[in-house]
Amino acid sequence: MPAIADAFQDRGLTETVADAAGGGGPVVLCQVLAGMGGVGKTQLAAHHAHSLLEAGSLDLLLWVTASSRQAVRQAYTQAAAQVAGGDPADFDAAPELFLAWLSTTSKRWLVVLDDVQDAGDLARLWPPRRASGQVVVTTRRRDPLWFADGRTQIEVGLFSPAETLAYLRRRLRRWCPAEGDDELAALGEDLGRLPLALAQAASYLIDSARSGMTSSHYREMVRSRRPLAELAPNQLPDDQTSTLAAVLALSLERADLHSLGQATPVLQLASWLDPHGIPDRILTAPSARAFIARQARRAEAAEAADAAGASAPGATGRRLLRFRKARKTRGAHSARSARKAPPLPTPDVSAHRVALVLEILHRLSLADHLPAGPDRSFGLLRVHALVQHAAHDTLGTGLLTSLARTTAFAVREAWPAVETSQALAQALRACTAALHRKAGPHLWADPTGKAAGALLRAGVSLADSGQSAAALQYFEQLGSEAGTHIGFQHPTLLTIRLELARCLGSMGDDPAAIRGLEDVLTDMRRVHGPDHPSTLAAQAALAEQYGKAGDFATATRVYDVVASHLSHTSPSGHDTITSLAKLAHWQGESGRPEAAARALRRLAGFSTAALGEDAPQTLAVSARAAHWLGHAGNPLSAVHTLGSLLVTSRLRLGEQHPYTLALRLDHAHWMGVVGEVGWAIAELEALLPDMRRVLGDDHPDTVRVQFEHAHWLLGSGHDADGARMLSVLATELTAALGARHPHAFEARRHSAHAVGVSGDPRGAAAAFRELHLEWSTALGEDHPRALALWQQFLRWQGEESGLVDAVADHLAHYARVRRVLGMGHPLTTAAHTALRDCQARLNDETKFVVLVVGRKAD
């Protein structure tokens, strides 16, 4: 029986084991301590046994290293010879004699079966259920079979942060007194708080203390992925018989025995990714499945060659030899595990087959697998960082680069075209960040640039979720890194520059965004040519930015050029339909809603023929047609069309699909327009939690729902509630995103408007004047946004300075807008309408004064 480890941690599990054994509450006669290798299962069992012995609560203790059925039978035979007069040479009858003695004796006994590999090894060898007896089993497996016949599982996990720090303090305080709590805590986290790893790391530091080794140096060795064998101390602590490397290598071998050699390739892929959560869809992506199949075949061939006495060259052969050395340090395996099995055929690896391998890893405690279910739309694999390290150690140097790129391809393939789950998007981004950190140079060295696709997709995901500042910082760092690895004119770096400019536009810096897009468009034309898809994408992004900046005419003109190019190269393609839809949208924004509605209705028919009636893009185009139909003066038709589209989207795409959520938002808006304000408010209240869950708090549609909600509150007798909601939203968004972020700007603009609607025109005028000052200072007096803010200021200022001055102000503003934007711009039309209204009121007042004066004269 093992001795109690130095600095043993009396964690809560010690009490759990004692209580289950009868120290408190109902007696559990058999306990199964399950967990990955190295978490301290054996030590917990040993502590429990020592505690019973010291308390005088045992008459018999049998400790069995139960790594095989043969080992269990041999231990039972020896015990039978000592307590029941059995023949020590009779391996057939003696085990049954010992079990019979346990079932009849009145003595108090404890049988510990340590490191059981398979529940089948204990068939007909389980100790009997007796009130005077206890059984404790330790195993890495989590099969349901363990918990039959009244047996109970105790899950043994990692140390807590507090337990980790306490352990390292006690082990190192004498030998390494200079190590502070922060350094020790960081060491514990880098080792994943795995007890076996902590014990061997502490011994390594103690061994090397005289040479100046510190925890920081050891952490650097771990982070640089030095082989685990090099991190072991010269002498193992606490009577341990195996290094951490050997323990984990043995676990990998056992998993391969159960999975046709496919477990290690799965973990090799996982070794590049985030240990806290790897979506199943990465490991079931086509690139991942092809890699798993190749590696399993290589392992099979190497095993066959080794069995025939031939050498097994390459990383896989070396891994198998290391496994056999590790096996010797742990004692004999069962005959079933040790004997050579005939080569098994390795079928093509399907997604279902990978799912089975993930369940095997879960059962063997090499990973935690959380399958998809009602509360989770995707499966997730969690792998301890040191298991990842061990899997990484099995890779030959020649495989590192190709596997890193394969993993990057798998991550990119796993990313959905439309993100319907923020949890999935966050997990994919975390895996991409881990891959970037661990394998960055391998990815940048790909001459095709495809390996960096996952890195780009992670940044686009950030931007699409509305996290513009984070995306901007991400692409700045990515561009700086790319510049050191690839040329300035490399297509990947051009794409990074394009996304960087888009982020600037999303944050409200229109001039910088337009300059950046124009520069990258020039370079793309030189590198790719004018008709290349990347060049056209940059041109479309520039058109979109012009539109967002208020230059609708330029946006329409540039989109017209893009759509013309795409119509020749891909008449019915996704990008062509998108460009034509954008062209119609900016026509509508420029004051031609009827033309926009007609163009979009024609485009919806074209998209139906090309992509299908239920295709997401067809639904989106039809929704935009309904939107402009409503703006053209037919809101009832908009409500009817959007309602029909919403039914189709719910049936085809699902209730939580982003397109369905967007349709609900548009439908609620037009329901409010046609007078169903109460229905609109109720629908928007129900929609907001769904938007937050699926799209995230920062997504533009999530923010728009809140604006719409407040807008209809203002128009339904709840002015104070609407104004308060907008004021809070403006404060939160400004603090979180900055005053110039479009979301914050819109919130402040809506809030200023709400102040006026609530009966405080002076307050509204002051708020709009402040906004105008900020934006005109940042973008110039002639920027469309600054001109629109001044228009609102004039509206709420009203006639405070007299009608004559108000007319003069409106006249000056109209002249400025007409000069800057031209006669056809919507802001020019709005300024002209406001001027005419003010002039009409002045004329009416003048007529009234003349009439009154005339009557007085009479």
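Ala662, Leu665, Asp666, His669, Gly672 and Val673 in helix α29 meet Asp701, Arg704, Val705, Glu708 and Trp712 in helix α31, where contact means heavy atoms within 4.5 Å. The residues of this contact divide into 5 nonpolar, 2 polar and 4 charged; Ala, Val, Leu, Ile, Met, Phe, Trp, Tyr, Cys and Pro count as nonpolar, Asp, Glu, Lys and Arg as charged, and the others, Gly among them, as polar. Please keep in mind that this is a predicted model, in which local features need pLDDT of at least 70 and side-chain atom pairs count only at pLDDT 80 or more, while totals for chains, interfaces and linings use all residues. Residues are numbered from 1 along each chain as its sequence is written, and side-chain values use heavy atoms, with hydrogens and water left out.

**Helix pairs**

- Two packed helices are described by the angle between their axes and the distance between the axes.
- The axes of α29 (residues 658–673) and α31 (residues 700–714) come within 11 Å and cross at roughly 15 degrees; axes are lines fitted to C-alpha atoms, for helices over the stretch in contact, and angles run from 0 to 180 degrees between N-to-C directions.
- That crossing makes α29 roughly parallel to α31, given that angles under 35 degrees count as roughly parallel, over 145 as roughly antiparallel, 65 to 115 as roughly perpendicular and the rest as oblique.
- α29 passes α31 in a left-handed crossing, a term used if the near helix is turned anticlockwise from the far one by less than a right angle, with right-handed used if clockwise.
- Helix α19 (residues 453–464) packs with helix α20 (residues 468–485) at an angle of about 160 degrees, and their axes are 8 Å apart.
- α19 and α20 are therefore roughly antiparallel to each other, and α19 passes α20 in a left-handed crossing.
- From α19, Leu455, Leu456, Ala458, Gly459, Val460, Leu462 and Ala463 meet Ala470, Ala471, Tyr474, Phe475 and Leu478 of α20.
- By class, the contact of α19 with α20 has 11 nonpolar, 1 polar and no charged residues.

**The parallel sheet and its helices**

- An open sheet of 5 strands runs in the order β2-β3-β4-β1-β5 with parallel pairing; helices (H or I, at least four residues) and strands (E, at least two) are DSSP runs, numbered from the N terminus.
- Its edge strands are β2 (60–65) and β5 (152–155), each pairing on one side only.
- Strands β3 (residues 109–116) and β4 (residues 133–139) pair in the parallel sense over 6 bridges, where two strands pair if DSSP finds at least two bridges between them.
- Val111 has Val135 in β4 as its bridge partner.
- Helix α2 (residues 41–54) lies across β1 (30–34), β2, β3 and β4, running at about 160 degrees to β4.
- Helix α3 (residues 69–83) lies across β2 and β3, running at about 155 degrees to β2.

**The antiparallel sheet**

- Another open sheet has 3 strands in the order β6-β8-β7, with antiparallel pairing.
- β6 (278–279) and β7 (368–370) stand at the edges with a single partner strand each, so one side of each is left without a neighbour in the sheet.
- β6 pairs with β8 (residues 380–382) over 2 bridges, and Pro279 stands opposite Leu380 in β8.

**Confidence**

- The protein chain averages a pLDDT of 86, and 91% of the residues score at least 70; pLDDT is the predictor's confidence in each residue, from 0 to 100.
- Over residues 23–28, pLDDT stays under 50, and the model has 11 contacts beyond four places in sequence for them.
- Over residues 849–853, pLDDT also stays under 50, with 0 contacts beyond four places in sequence.
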